[in-house]
Amino acid sequence: AAVNQVYIAVIGAGGVGKCFLSQLQALAARKPSPKLSLCYIATSRKALYNADYSPVSLDGVTETLAASTQAPPPLSQVIDYLAAAPAKVVLVDNTSSQDVADAYPLALSRGLNIVTPNKKAFSGSYKLWQDIFRASATSGAKVYHESSVGAGLPVISTLKDLVETGDKVTKIEGVFSGTMSFLFNSFAPTHGQGGKWSEEVKKAKALGYTEPDPRDDLNGLDVARKLTILARLAGLPVESPTSFPVQSLIPKELESSSSGDEFLDKLPAFDQQMEDTKAAAEKAHKVVRFVGSIDVATQQVKVGLEQFDRSHPIASLKGSDNIISFYTERYGTNPLIIQGAGAGGDVTAMGVTGDFIRVLSQI
Ligand code: NHO
């Protein structure tokens, strides 16, 4: 039977969360049925919800939340509250929190559906991955995470379709980081001079492309997480994002910086290291780019810098674009290629909202 009401719980209201909330408000206005009711919203310090599940208005919700004096209850209590709701619930995790990710198996086993751009649950230990999909299979609650790779680009749904329709994926490669794409496209452009490395890093953060802590992008871990997710979907039981070679662009001396801000303050003193990398590529009439690849047959995953001819599609990307090539038996020598913006609040939220709509059609 069609449901006439769905409750939504949103954890995290930062760059992506705010964009999701405005897309949700527009969706609720366009789509009268089922009635979409926000029953819980929280950041790390504040929460808004009513014990009787009466809805929190989406109008100006981020302002109302900022003015709230309620602190978020412990996650286990939030899950109890949501599991007792008088209709189906979709939990939207817009944090990058490992604690929230660790609670997915419990939430799913209690019947809560989950949509999220948070990579931590799917790229942490292989055991957590298995626990999540087992809990979902047992309870029937859905879990979708399209934006955990390539923001709103249809990367995960495409890979799932390839695998489920019986194609054999042999290799996946490309540029998986919007931040790294932006940095190299502006620091080492195919034509012209390019800016200072540390300046471009600050710009990428201001544009909302970086992870909450930009070191998670520059140390290669963000790309390693994405490759872990794709490799697992392609059938490789990758143990963790640190179980294969990953090149970090964090200068040795700054590895121990106590905060992301301190790191950004000190970074300009190390610009010469990246200038040298750029000059080495120029000498070979090439440009340097940060790429990742998964070779399914040899089970090899790697992440790091490579040099490309200026005419190569990876060299001539624009802005924060990602490019992801799927080599498969069915597609032969010409891979299936997905390209477009790979970071930013609105495009990432689009992937989340798209997943949310998918769940609505399945519950
Ligand atoms: P923010 O702006 O720091 O917001 C985080 C929010 O979560 C805040 O409201 C904070 O209070 C709340 N929060 C944290 N821990 C909490 C807790 N325990 N309980 C309750 N609330 C908590 O972060 P963003 O930028 O909005 O990111 C949110 C999530 O989206 C992260 O998991 C991030 O990895 C993911 N995501 C973001 C992007 C993006 O473009 N910003 C992308 C994908 C996924 O495709 C994008 C991408 O991969 C970006 C990547 N850096 C790249 O390719 O360059």
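**Largest pocket**

I began with the lining of the largest pocket, to which α1, α9 (178–187), α11 (215–218), α12 (221–233) and α15 each give at least two residues. Helices here are DSSP runs of H or I with at least four residues, strands are runs of E with at least two, and both are numbered from the N terminus. Before going further I noted that residues are numbered from 1 along each chain as its sequence is written, and that side-chain values use heavy atoms, with hydrogens and water left out. I also noted that this is a predicted model, in which local features need pLDDT of at least 70 and side-chain atom pairs count only at pLDDT 80 or more, while totals for chains, interfaces and linings use all residues.

The volume of the largest pocket came out at about 780 Å³, and of its 38 lining residues I found V16, S96, T210, E211 and P212 closest to the centre. For the search, a 1 Å grid was laid over the protein atoms alone: a pocket is an open set of points with protein on both sides within 12 Å along at least five of seven lines, a cavity is a set where a 1.4 Å probe fits but cannot get out, and lining residues have an atom within 4 Å of a point. Grid points are joined across faces, edges and corners, and the volume is the space filled by probe spheres set on them.

Which helix supplies the largest share of this lining? I found that α12 does, with four residues. Sorted by class, the lining holds eight nonpolar, 20 polar and ten charged residues; I counted Ala, Val, Leu, Ile, Met, Phe, Trp, Tyr, Cys and Pro as nonpolar, Asp, Glu, Lys and Arg as charged, and the others, Gly among them, as polar.

**Two side chains on lining helices**

I looked at Q23 in helix α1 (residues 15–30), and found that its side chain reaches the backbone nitrogen of M350 at 3.4 Å. Leaving out residues up to four places away in sequence, Q23 touches D346, A349, M350 and T353, where contact means heavy atoms within 4.5 Å.

I then turned to S186, which lies in helix α9 and touches G194, G195 and E200, again not counting residues up to four places away in sequence. The side chains of S186 and E200 are joined by a polar contact of 3.2 Å, that is, a pair of N or O atoms within 3.5 Å, of which, within protein, one must be able to donate a hydrogen and the other to accept it, with residues adjacent in sequence counted only if both atoms are side-chain atoms.

**Six-stranded sheet**

I traced an open sheet of six strands in the order β3-β2-β1-β4-β5-β6, with mixed pairing; two strands pair if DSSP finds at least two bridges between them. Strand β5 (residues 113–115) runs parallel to β6 and is joined to it by two bridges, and V115 has Y144 in β6 as its bridge partner. Helix α15 (residues 345–360) packs on this sheet, touching β1 (5–11), β2 (35–42), β4 (88–93), β5 and β6, and its direction makes about 155° with that of β5. Axes are lines fitted to C-alpha atoms, for helices over the stretch in contact, and angles between N-to-C directions run from 0 to 180 degrees.

I found another open sheet, with the order β9-β8-β7-β10-β11 and antiparallel pairing. Why is one side of β9 and of β11 (336–341) left without a neighbour in the sheet? Both stand at the edges with a single partner strand each, so one side of each has no neighbour there.

The second largest pocket holds about 360 Å³ of space, and K171, E173, G174, S293 and I314 lie nearest its centre among 20 lining residues. I saw that β9 gives the most to this lining, with five residues.
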